[in-house]
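Student: Please take a close look at the charged side chains and how they pair. Keep it brisk, and then connect it to the covalent links.

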Amino acid sequence: QVQLVESGGGSVQAGGSLRLSCTASGYADSNADSNYCMGWFRQAPGKEREGVAFISTPRSILNYAASVKGRFTVSQGNAKDTLYLEMNNLKPEDTATYYCTISRSSSCSFRPADVNYWGQGTQVVVSS
């Protein structure tokens, strides 16, 4: 059974930084020879869920939403079962619940409908 567990959310002032982590179990080892995508989505109150940042396996191709490019960095641990999101220069509009995801695809999609596995989410609040 695939399980994704996020951590690292919290409250920070605008301009600050946070690092989110996601531990994935039940997927990486059994799909070591497959193409798949790990990434982060977020959902702000009253808004639709949106793709934020992605990294493909095994080629490690990175994709970012325009709103976070240059401020956020996505990376994986060596064992490919841990995902990180380094968030710098945070803005109030980054306030949202952030979800770790896995998609069984060689290309990383920003569409929530293309995600196969979701974590429970971790909340990020950025105050002005």
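Tutor: Start with burial. Buried means under 20% relative accessible area, exposed means over 50%, and partly exposed lies in between, with a 1.4 Å probe and protein chains only. Arg-42 has 6% relative accessibility, so this residue counts as buried.

Some ground rules come next. This is a predicted model, in which local features need pLDDT of at least 70 and side-chain atom pairs count only at pLDDT 80 or more, while totals for chains, interfaces and linings use all residues. Residues are numbered from 1 along each chain as its sequence is written, and side-chain values use heavy atoms, leaving out hydrogens and water.

Now the charges. Side chains of opposite charge can pair when their charged atoms come close. The term salt bridge is used for a side-chain nitrogen of Lys or Arg within 4 Å of a carboxyl oxygen of Asp or Glu. The structure holds 5 of them. One of these joins Glu-50 to Arg-42, with the closest N and O atoms 2.6 Å apart. Glu-50 has 34% relative accessibility, so Glu-50 counts as partly exposed.

Arg-42 also meets Asp-94 in a salt bridge, at 2.9 Å from N to O. Asp-94 sits in the loop between strand 8 (82-87) and strand 9, and Arg-42 sits in strand 4, so this pair ties together parts 52 residues apart in sequence. Strands here are DSSP runs of E with at least two residues, numbered from the N terminus. Both Asp-94 and Arg-42 are buried.

Asp-94 has another partner. Arg-71 forms a salt bridge with Asp-94, and the closest N and O atoms are 2.7 Å apart. Arg-71 lies in the loop between strand 6 (62-64) and strand 7 (72-76), Asp-94 in the loop between strand 8 and strand 9, so the bridge ties together parts 23 residues apart in sequence. Arg-71 counts as buried because its relative accessibility is 9%. Asp-94 has 1%, so Asp-94 counts as buried too. Shared partners join Arg-42, Glu-50, Arg-71 and Asp-94 into one network of salt bridges.

On to the covalent links. A disulfide is a pair of cysteine sulfur atoms within 2.5 Å. A search of the whole structure finds 2. In one, Cys-22 and Cys-100 have their sulfur atoms 2.0 Å apart. The torsion about that S-S bond, between Cys-22 and Cys-100, is about -80°, so this disulfide is left-handed. Cys-22 belongs to strand 3 (residues 18-25) and Cys-100 to strand 9 (residues 96-103), so the pair ties together parts 78 residues apart in sequence. Cys-22 and Cys-100 are both buried.

Cys-37 and Cys-108 form a disulfide as well, with sulfur atoms 2.0 Å apart. The torsion about the S-S bond of Cys-37 and Cys-108 is about 120°, so this disulfide is right-handed. Cys-37 is in strand 4 (residues 36-43) and Cys-108 in the loop between strand 9 and strand 10 (117-118), so the link ties together parts 71 residues apart in sequence. Cys-37 has 2% relative accessibility, so Cys-37 counts as buried. Cys-108 has 13%, so Cys-108 is also buried. With the bonded cysteines numbered in sequence order, the pairing is 1-3, 2-4.

Notes
Helices (H or I, at least four residues) and strands (E, at least two) are DSSP runs, numbered from the N terminus.
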